[in-house]
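Open the model in your viewer and keep the selection panel at hand. Each stop below says what to select and what is there.

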Amino acid sequence: MTEKLSVLEPARLDIDNISINYDSLKAIEDLSFSVNHGQRVAVIGPNGAGKSTLFKALIGLLPLENGKIFIHGRPLGHHFDCVAFIPQREEVDWMFPVTVRDVVQMGRFNSTPRFKRYSKHDDEIVLESMVQMDILELAKRPIDNLSGGQQQRVFIARALAQKPHILLMDEPFNGVDVFTQEIIWNLLDKLKQVMVTVMIATHDLNLASLKFDSVMLLNKKMISYGLPSEVFTQDNLRAAFGNQVIFIGNTAIVDQCCPKDIK
Amino acid sequence: MLSWLLTPFTYEFMQRGFMASVIVGIICSVIGCYVVIRSMAFMGDAMAHAILPGVAIAYIFNGSLTLGALIASIVIALGIGQLSKQGRLKEDTAIGILFSAFLALGILIISSIRTYAVDLSHILFGNILGVSRNDLIFTTVAGFIILLFIFIFYKEFMIISFDQVFARAVKIPVEVYRNFMLVLMALTIVASIQTVGVVMIAAMLVTPAASAFLLSKRLPAMMGISCLIGVLSSIIGLYISYYANVASGAAIVLTATVIFLIIFLFSPKRGIIWKQLKRTARTRNLIRKPYN
């Protein structure tokens with residue numbers, strides 16, 4: 001039922017008309033899109049637009065009301081680690097008694113048989129992931145005294161240790177230092193070279209228009225999907241953000257401070 | 001001194017009592033680590049109290065009291081899971097409801113049995129002098145099984161406790177392991193009833209593990225230290241109980257509490273005295289500097 005796919009086989013993501021309910025509310029409606037190999041996609045939308053829901057569905061955590069998700073042309077569930085998800089940092093207990101290395105090592109969970117220690121190969125991957133995120137010197141530190149940026153890098157290193165073909169990141173730039181942001185961008189460039197597909201949920205319209213191949217504007221339904229220049233029109237942004245978006249000349253400003261009040 | 005230490009062991013029931021409480025000290029401390037890091041202390045307490053109706057019903061039907069206790073404890077754990085599933089009720093609310101319901105049911109049944117032979121206080125507070133040969137064998141076997149499973153499924157238990165979303169993403173059946181852990185908890189509790197009693201099991205689950213949490217940065221170390229504290233509390237508590245002629249369960253729990261308080265105050269990592277000393281030293285340096 002489950003099978004390992006070669007790292008060489010590039011990832012392709014096809015979403016066919018999916019709807020997802022969350023707590024009996026419609027979180028995503030009739031969404032269809034596909035992402036080509038090695039593309040970098042920004043997922044943009046107001047709070048509650050279904051960005052996190054979409055990601056959780058892509059790793060098989062949420063049941064689909066209808067529609068289908070294909071990865072490598074095969075339905076979801078045929079793959080072990082080829083999609084890795086980096087949740088927002090607040091979702092785990094950082095007082096938990098594990099070291100940085102322990103967390104990164106979790107990424108190799110499925111590659112290690114029971115009773116066996118992690119193999120040399122696994123160790124190398126874990127080490128390499130930590131080097132990439134510049135947390136090697138933190139390896140033996142307990143996770144309870146890391147900064148926000150360090151926590152984010154630990155999470156990313158764990159996802160890298162899964163050797164994913166598709167990487168989903170939920171607001172990775174939220175509350176992290178400039179140094180961490182730089183490391184993340186370097187990583188994204190490296191991932192592009194090895195054809196890893198990356199989808200990032202973000203609030204930052206500016207980053208999205210500058211650094212991504214394509215942009216998906218989402219508000220429960222697909223508003224627009226394509227090149228940043230095509231997607232970021234005044235009409236599209238209004239459709240996604242409603243009154244939260246203000247235009248000054250050619251600049252769009254999105255006010256995210258009070259998303260609950262405005263519908 | 002030596003004879004003072006050895007005197008209790010001249011009685012066979014004391015030998016059995018010591019062995020049983022050492023084993024209980026170990027298993028409670030190990031399972032307790034998960035109870036502490038998963039915030040399940042209240043759940044442990046509820047599962048312990050749920051034993052009461054189980055034992056009473058088993059007594060009426062002439063069944064095995066141990067089995068009755070085990071089933072009741074598992075039933076309440078799964079019941080709490082059902083009530084709080086998908087956020088219909090908060091877990092502590094669900095626990096509050098079922099906890100008191102089971103306790104009330106237990107008392108109701110016991111009060112209706114006129115000829116009840118098992119002393120209620122033994123279930124509530126434990127009776128270490130009454131550990132029979134069979135009790136000891138049961139506790140040993142249960143302890144062995146619990147430790148074995150904790151060892152075999154270490155990675156799964158660790159991952160589901162740390163990050164459920166990740167656990168599900170790497171295809172660990174989170175619900176199955178959660179229920180499995182509850183069963184191991186129930187087994188731990190039932191195996192400990194004889195020595196510490198229903199009322200004080202929560203303390204044995206939480207106190208040594210919480211002390212260890214303050215001292216360690218990794219789960220295996222936490223389990224080791226917790227074990228050490230659990231066993232030490234059991235042994236010291238039993239000596240106190242023997243020489244001061246007080247209830248054994250209470251003596252064990254209070255010993256563990258004293259150890260916890262000492263660690264809470266003096267632990268180098270999170271102890272408050274240590275922090276205070278550092279702070280005063282820093283302030284003193286600040287004050288002194290201008291005069292130098």
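Predicted model: local features only at pLDDT ≥ 70, side-chain atom pairs only at ≥ 80, totals over all residues.

Residues are numbered from 1 along each chain as its sequence is written, and chains are lettered from A and ligands numbered from 1 in the order in which they are written.

**Stop 1: domains of chain A**

Select 1-82 + 164-229 of chain A as domain 1 and 95-163 as domain 2; such bounds come from an automatic or database domain assignment. Their centres, taken over C-alpha atoms, are 23 Å apart. Here 14 residues of domain 1 are in contact with 13 residues of domain 2 (contact: C-beta atoms, placed from the backbone, within 7 Å). Now pick helix H5 (residues 178-193) of chain A, which gives the largest share of the domain 1 side, 5 residues. Helices are DSSP runs of H or I, at least four residues, numbered from the N terminus.

**Stop 2: chain B against chain A**

The contact takes 17 residues from chain B and 17 residues from chain A. On the chain B side, select helices H9 (154-162), H10 (164-169) and H13 (219-244), which give two or more residues each. H10(B) gives the most, with 4 residues.

Key
Contact = placed C-beta atoms within 7 Å.
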